[in-house]
Amino acid sequence: MHVNIPVIVTRIIQETETVKRFTLTAKTMELLPAFSSGSHITTFLPTQTGMLERHYSLLNDPVDMLLSYEIAVQKNADSRGGSLYLHTAVEVGSELSISYPKNHFLPSFRARHHVFIAAGIGITPFLSMMSELSRVGKTFELHYAAKSQEQCAFYSQLQTQYPDSCRFYFSADGPAARLQPVVMAGQPIGTHVYFCGPETMVSQFRAAALSFGYPEKSIHFELFTPITPITRSPFVAELRKSNKLITVEEKQSLLEALHQAGIHAPYSCRVGGCGTCAVEVLEGTVAHYDTVLTDGERTQHNQMMTCVSRASCEKLVLNL
Ligand code: FES
């Protein structure tokens, strides 16, 4: 069972035209749970279309006195309700329910140097990482792409705190100013690279990092949304232990179908990035859309992430 934390919004700052920063303070005025850099929380938002769960990175330095958490939310034009709700219905004094912090994107403390690549609101997980790394004397550099300086959230803060470690790339300045994967080339051995942004950007930088010779374990990334499946055909899942047959509709994930059928199926990130929802596959072939399994593990078709992966056959048999 998930235990949530009731919080009150105690401050809202308009960072850019589309990004707001929210300060969330424990309703009981007790200290909030500690977290590691790169962590996020889930917010539970009671919108008109039902309860939505949305994940947001924590911006604070993990050693801050944890009287409050800070998150930043970009209002998306194609919002399905989460960011719209936070931007329009939430004000100072509003009460929200949040999860305990979780971390699927922590910096490697074995790395000799860290290269952070952020696009737009993808800057958020790197703020706590940079606080922590600079405090412990580790070297890092941030390459941050945004549409323009005005639309670059935390621009002044970053310029002030890390003037020698940040480079900004504004697409409004023309194609020559765009952030390119070449910034990862020629880095010292032992460098780890981290990407946070849209799927296309993450895929491009991940492929480039591999081509530059970075080992898989030195490449870290966080996606805003799950990888888009090539096809979304309905399929049947036979749950061998529960003796149930369920149909996963075209617009549904296997995880959603399991919950609809009353099956206890744990999850966390819902974008194929954490491994919490992994299940054993006994029969059938899987179309994998997660970022957890290695290429070798995928070819065995004996496990899958239910939040994103689907069948590439008519029926899967699961050990559930
Ligand atoms: S819930 Fe994280 S991989 Fe599925």
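Start with A145, which sits in strand β8, residues 140-146. Strands here are DSSP runs of E with at least two residues, helices are runs of H or I with at least four, and both are numbered from the N terminus. This is a predicted model: local features need pLDDT of at least 70, side-chain atom pairs count only at pLDDT 80 or more, and totals for chains, interfaces and linings use all residues. Residues are numbered from 1 along each chain as its sequence is written, and side-chain values use heavy atoms, with hydrogens and water left out.

Is A145 buried or exposed? Buried, with a relative accessible area of 18%. The cut-offs: buried is under 20% relative accessible area, exposed is over 50%, and partly exposed is in between, using a 1.4 Å probe and protein chains only. What does A145 touch, leaving aside neighbours within four places in sequence? A118, A119, G120, Y169 and L179. Contact means heavy atoms within 4.5 Å. Now look at T88. It is 57 residues from A145 along the chain, and their C-alpha atoms are 26 Å apart.

Next, S128. Find it in helix α2, residues 124-135. S128 is buried, and its relative accessible area is 0%. A polar atom of its side chain lies 3.4 Å from the backbone oxygen of P125. Setting aside neighbours within four places in sequence, S128 contacts S37, G38, L58, L59, N60 and P62.

On to strands. Strands of a sheet pair through backbone hydrogen bonds, parallel or antiparallel. For us, two strands pair if DSSP finds at least two bridges between them.

Take β5, residues 68-74. Six of its seven residues are buried, so the strand is largely enclosed by the rest of the structure. Its partner β2, residues 19-26, pairs with β5 in the antiparallel sense over seven bridges. Which residue of β5 is the bridge partner of R21? That is A72.

Last, an open sheet. Five strands form it, in the order β13-β12-β18-β14-β16, with mixed pairing. The edge strands, β13 (244-248) and β16 (303-305), each pair on one side only. From one strand to the next, the twist averages 40 degrees. For angles, axes are lines fitted to C-alpha atoms, for helices over the stretch in contact, and values run from 0 to 180 degrees between N-to-C directions.

Inside that sheet, β14 (residues 278-283) and β18 (residues 315-318) run antiparallel, joined by two bridges. E283 has V317 of β18 as its bridge partner.

Definitions and conventions: Polar contact = N/O pair within 3.5 Å; in protein donor to acceptor, adjacent residues only side chain to side chain.
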